[in-house]
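Visitor: I should like to examine this fold and to hear the reasoning behind the terms used for it.

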Amino acid sequence: MAEKPQPVQVLYCGVCGLPAEYCEFGSDFEKCKPWLIQNAPQVYPDLIQDSNSKEVDGVSDQLQSSSITDSTGPSGSSVPKQEPVKRLPGGKIKKKDKQEVIIEKVTRNKRKSITTIKGLDLFGIKLSDASKKLGKKFATGASVVKGPTEKDQIDVQGDIAYDIVEFITDTWPDVPETAIYFIEDGKKVPAA
C-alpha cells in the first residue's frame with residue numbers, strides 16, 4: 001500500500017500575508033525584505049547575501065540612507081507631511097476623488113425627468129439629510145440611490161437642474177459654486 005501524502009506547510013509573510021515565495025510579486029516587497037531575511041532565509045537566499053554585502057564598516061545600508069531632518073523648511077515654516085499613498089492589490093495607486101458636485105438631468109418616458117446629484121458626500125454632507133431638504137424645497141420626491149459606479153447619489157424628481165445650484169450654495173456654504181458642474185450632451189460644463 002502507498003504512503004499517505006502529508007500536507008504541505010506554507011509559511012505566510014508576517015507583513016503582507018502572502019506566502020513567502022510570493023512576496024516579491026506583492027506591492028510591499030521592500031517592507032517584507034527584513035521579515036523574509038529573519039524568518040524565511042531559505043526562500044530568498046540572495047536577499048541575505050545582498051544585505052551582507054551592503055554593510056559598510058558595520059553600518060547597514062538602512063542607516064546610511066536615513067537622515068535627520070527637522071520639521072521646519074529653509075524659511076522656518078513647517079513643511080506639511082505627505083499623506084501615504086493608498087495602494088490597491090497589484091500595486092495600483094488609488095486616485096483621490098475630486099471634490100466636485102455633478103448635476104445631470106435624465107429624461108424618462110417623454111416628459112418626465114429626474115435630476116441626479118453626485119458628489120455632495122465629498123464635502124462632508126450627509127446625503128439622507130440633503131435629500132430631505134431637496135424634497136422639501138422643491139416639493140418633489142428625493143431619494144438616495146446607488147449609482148452605476150456603486151457610489152451613492154441623490155435622485156430628485158423633476159427638472160430642477162438650474163434652480164438647484166443656488167440652493168446648494170446657500171444651504172451648504174462649504175460647497176463653492178466653482179465646484180458644481182452640469183452634464184450636458186455628455187460633456188461636463190461648469191455651473192458658474
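Visitor: How do you know how far the coordinates may be trusted, and what is the average pLDDT of the protein chain?

Guide: The model is predicted, and the protein chain averages a pLDDT of 78, with 75% of the residues scoring at least 70. Among its elements, helix α4 has the highest mean pLDDT, 91, whereas helix α3 (residues 61-65) has the lowest, 48. The pLDDT is below 50 over residues 55-67, a stretch with six contacts in the model beyond near neighbours in sequence. Where pLDDT is low, the predicted coordinates should not be read in detail.

Visitor: What makes the strands a sheet, and in which order do they lie?

Guide: Six strands form an open sheet in the order β3-β4-β2-β1-β5-β6, and the pairing is mixed. On average, neighbouring strands are turned by 30 degrees against each other, direction ignored.

Visitor: Why are β3 and β6 called edge strands?

Guide: Strand β3 (142-146) and strand β6 each pair on one side only, and they are the edge strands.

Visitor: How do you know that β1 and β5 are paired, and in which sense do they run, parallel or antiparallel?

Guide: Pairing requires at least two bridges. β1 and β5 are joined by four bridges and run parallel; the two strands therefore count as paired. Within this pair, Ile 102 has Tyr 181 in β5 as its bridge partner. Tyr 181 in turn has a bridge partner in β6, namely Pro 190.

Visitor: Which pairings are antiparallel, and how many bridges join β1 to β2?

Guide: β1 and β2 pair in the antiparallel sense over seven bridges, with Lys 105 opposite Thr 115 in β2. Strands β2 (residues 112-118) and β4 (residues 152-157) also run antiparallel and are joined by four bridges; there Ile 117 has Ile 154 as its partner in β4. A further antiparallel pair is β5 (residues 180-184) with β6 (residues 187-190), over four bridges, where Ile 183 stands opposite Lys 188.

Visitor: Which strands does each helix meet?

Guide: Helix α4 packs on the sheet and touches β2, β3 and β4, its direction making about 10 degrees with that of β4. Helix α5 lies across β1 (101-108), β2 and β5, and runs at about 170 degrees to β5.

Visitor: Which residues form the contact of α4 with α5, and of what classes are they?

Guide: Lys 133, Leu 134, Lys 137 and Phe 138 in α4 meet Asp 163, Ile 164, Phe 167 and Thr 171 in α5. By class, this contact has four nonpolar, one polar and three charged residues.

Conventions:
Residues numbered from 1 in each chain as written. Predicted model: local features only at pLDDT ≥ 70, side-chain atom pairs only at ≥ 80, totals over all residues. Heavy atoms only, no water. Contact = heavy atoms within 4.5 Å. Nonpolar A, V, L, I, M, F, W, Y, C, P; charged D, E, K, R; others polar. pLDDT = per-residue confidence, 0-100. Axes fitted to C-alpha atoms, helices over the stretch in contact; angles between N-to-C directions.
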